[in-house]
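This report describes a two-chain model and the contact between its chains. Please view the sequence and structure before reading on.

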Amino acid sequence: MTENFEDELRRALRPVPAPEGFTERVMRALPERRTGALTPIAAARPARPPNYWQRLHAPAALAASLLLAVLLGQQMSLRNQQREQAAGLAASQELMQALRVTSQKLDLAYQAVKHPPEAVVEENRS
Amino acid sequence: MNARAAFLIIALLSTGPAFAQGPASAQIKGQLRLPEFSGLTDKASESVNVTLGPELLGMASRFLSSANPEEAAAKKLVASLTGIYVRNYTFDTDYAYPKADIDGVRRQLSAPGWTRMVETRSRKENTDVDVYVLLDHGRAQGLAVIASEPREFTIVNIVGNIDLEQLHDLQQLGVPDLELETTKKPVPTKPAPAKPAEKK
């Protein structure tokens, strides 16, 4: 019983040659391969020497960046200078104001020392 | 272990005040700790609050014109200074300012080195003016002026190597000749009338 079963199984699973045209049918059933997408650009396009402007791209970009950096630096320096000048002028005005207040109060002390209250009274009486 | 912990606590407690004294000790000689008076600015009808440390003073000095005699004299005076601090407040009512704050500044001037050069008390006008100088090896290293009037008070603190002779030169600003003892023989001059201060 077991031997029969094994023989039957062996018979059923024996290698069978593929029917004729099987490979072609399978290949036809597969989705079409896009050969273009996989082709490298360099291979697809014929190599051309870069023209004058293309050759200047990198140096021009570098020069433009440098110019921009210099202009920005100049602008920032000018602004800093203006800011510093404004702060300096404000500080000098504050300084003069401080010295005026100081002089006013020193004068107050001077007047009090120079003309003590008694002297003022004497002057008023005369 | 307990002894170590106790030692650590004591060490931390003893270094605490040292850290707290840090900023105060960093203060320049002759510079007073002036109160903020921040609340007074709104209360006062006029106020002048000038704080010029070494950097700002240097910057201000660069912008003073040598052609203008007033500014030229100021420039000469400021060259050896490290700070000018002025607080001046004017009020519409009498004694609207905290007298305790001014007394606090006066207390700082009782420290060694400071000498009261002028003390004036006017009962008639209720005006007190005190002029203090911080002397170090015979040179003025600081000047403080405290003037209190019923409706105005002023605190001036000038820090640095003050040449009292140059202070005389500031007569264009109305600084009077206080007949201070200086190294050179003072030139007798008439006091110029005080100009009214420009206020903010």
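The model is predicted: local features need pLDDT of at least 70 and side-chain atom pairs count only at pLDDT 80 or more, while totals for chains, interfaces and linings use all residues. Residues are numbered from 1 along each chain as its sequence is written, and chains are lettered from A in the order in which they are written.

Chain A has six helices and zero strands; helices (H or I, at least four residues) and strands (E, at least two) are DSSP runs numbered from the N terminus. Of the 126 residues in chain A, 15% are buried, that is, 20 or more other C-beta atoms, placed from the backbone, lie within 10 Å of the residue's own.

Chain B gives 37 residues to the contact and chain A gives 25 residues, where contact requires C-beta atoms, placed from the backbone, within 7 Å. On the side of chain B that touches chain A, the largest share, four residues, comes from α4(B).

| Class on the side of chain B that touches chain A | Residues |
|---|---|
| nonpolar | 26 residues |
| polar | six residues |

Helix α5 (residues 52-114) of chain A packs against α4(B) at an angle of about 95°, with the axes 7 Å apart. The two helices, α5(A) and α4(B), are therefore roughly perpendicular, a term covering angles of 65 to 115 degrees. In this pair, A87(A), G88(A), A91(A), S92(A), E94(A) and L95(A) meet L56(B), M59(B), A60(B) and R62(B).

Definitions and conventions: Buried ≥ 20, exposed ≤ 12 C-beta atoms within 10 Å, placed from the backbone. Contact = placed C-beta atoms within 7 Å. Nonpolar A, V, L, I, M, F, W, Y, C, P; charged D, E, K, R; others polar. Axes fitted to C-alpha atoms, helices over the stretch in contact; angles between N-to-C directions. Parallel < 35°, antiparallel > 145°, perpendicular 65-115°, else oblique.
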